[in-house]
Amino acid sequence: MSGQRSAGILLFRRTGGDVQVLLGHMGGPFWARRDSGAWSVPKGEYGEDETAQAAARREFAEELGLPVPDGELVELGSVRQSGGKTVTVWALKGDLDPASVTPGTFELEWPRGSGRVQRFPEVDRVEWFTPATAREKIVSGQRPFLDRLLDLT
């Protein structure tokens, strides 16, 4: 994974003065029975021909099947995850109904070695969480983005 780059958007809103963040539960068989550490900022990989911000917007739309809400993107910086991938995330104040999400899909040979290719959703659930609950749910390498968001709000 060394050298791979990924970018995403951490959507947040205020309800009754409290901050909530939108996370997606990663789709596919590996994550199906996991909850803690199986949620992520909507994000995806990008190459040299695309900017990180353009990739973040594209991936948000692809993963959730919805356009990026209007508003100003605020950069939360980058983190290097344990596998070597560098993830860059922007915060965006906005709202959406998780029930309106129509996730994109990916293909995977499953079970591995079977020769059978199946289609899985990029995310199989999307929910709003308080920062405390999000810290339990999110992939550990993305927790710094929650802290950075809270420093800004």
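**Entry 1: a proline in a loop**

I began with proline 111, which sits in the loop between β7 (105-109) and β8 (117-121). I noted that helices (H or I, at least four residues) and strands (E, at least two) are DSSP runs, numbered from the N terminus. The peptide bond from tryptophan 110 to proline 111 is cis, with omega near -5°. I set beside this the general rule that most peptide bonds are trans.

**Entry 2: what kind of model this is**

I recorded that this is a predicted model, in which local features need pLDDT of at least 70 and side-chain atom pairs count only at pLDDT 80 or more, while totals for chains, interfaces and linings use all residues. Residues are numbered from 1 along each chain as its sequence is written, and side-chain values use heavy atoms, with hydrogens and water left out.

**Entry 3: the overall fold**

I found 3 helices and 9 strands in the protein. From the N terminus on, their order is β-β-β-β-α-β-β-β-β-β-α-α. The radius of gyration, taken over C-alpha atoms, is 15 Å, close to the 15 Å that the globule rule gives for 153 residues, so the protein is as compact as a globular protein of that length. That rule is 2.2 Å times the number of residues to the power 0.38. I also noted that the C-alpha trace spans about 50 × 35 × 25 Å along its principal axes.

Of the 153 residues, 44% are buried, a term that means under 20% relative accessible area, against over 50% for exposed and in between for partly exposed (1.4 Å probe, protein chains only). Among contacts (heavy atoms within 4.5 Å) with a separation of 6 or more, 63% join residues 24 or more positions apart.

**Entry 4: the largest nonpolar core**

I looked up the nonpolar cores, each a set of buried Ala, Val, Leu, Ile, Met, Phe, Trp, Tyr and Cys residues joined through side-chain atoms within 4.5 Å. The largest has 20 residues, and Ala7, Ile9, Leu11, Leu22, Phe60, Leu64 and Leu96 touch the most other members. Two or more residues come from each of β1 (5-15), α1 (52-64), β6 (86-93) and β9 (123-129). Helix α1 gives the largest share, 5 residues. Another core, of 18 residues, lies apart from this one and includes Val21, Leu76, Ala134 and Ile138.

Which residues does alanine 7 touch, not counting residues up to four places away in sequence? I listed Pro42, Lys43, Gly44, Tyr46, Ala52, Ala55, Ala56, Glu59, Thr88 and Trp90.

**Entry 5: tyrosine 46**

I then turned to tyrosine 46, in the loop between β4 (43-45) and α1. Tyrosine 46 counts as buried because its relative accessibility is 14%. Beyond its neighbours within four places in sequence, tyrosine 46 is in contact with Arg5, Ser6, Ala7, Thr51, Ala52, Ala55 and Arg58. Tyrosine 46 and serine 6 are 40 residues apart in sequence, yet their C-alpha atoms are 5.9 Å apart in space.

**Entry 6: valine 89**

Is valine 89 buried or exposed? I found that valine 89, in strand β6, is buried, with a relative accessible area of 0%. Its contacts, leaving aside neighbours within four places in sequence, are Gly8, Leu10, Val41, Val74, Glu75, Leu76, Gly77 and Phe145. The C-alpha atoms of valine 89 and leucine 10 are separated by 6.7 Å, although the two residues are 79 residues apart along the chain.

**Entry 7: methionine 26**

Methionine 26 counts as buried, at 18% relative accessibility. Leaving aside neighbours within four places in sequence, methionine 26 is in contact with Trp31, Gly37, Ala38, Trp39, Ser40, Glu122, Val123, Asp124 and Val139. Methionine 26 and glycine 37 are 11 residues apart along the chain, with 9.7 Å between their C-alpha atoms.
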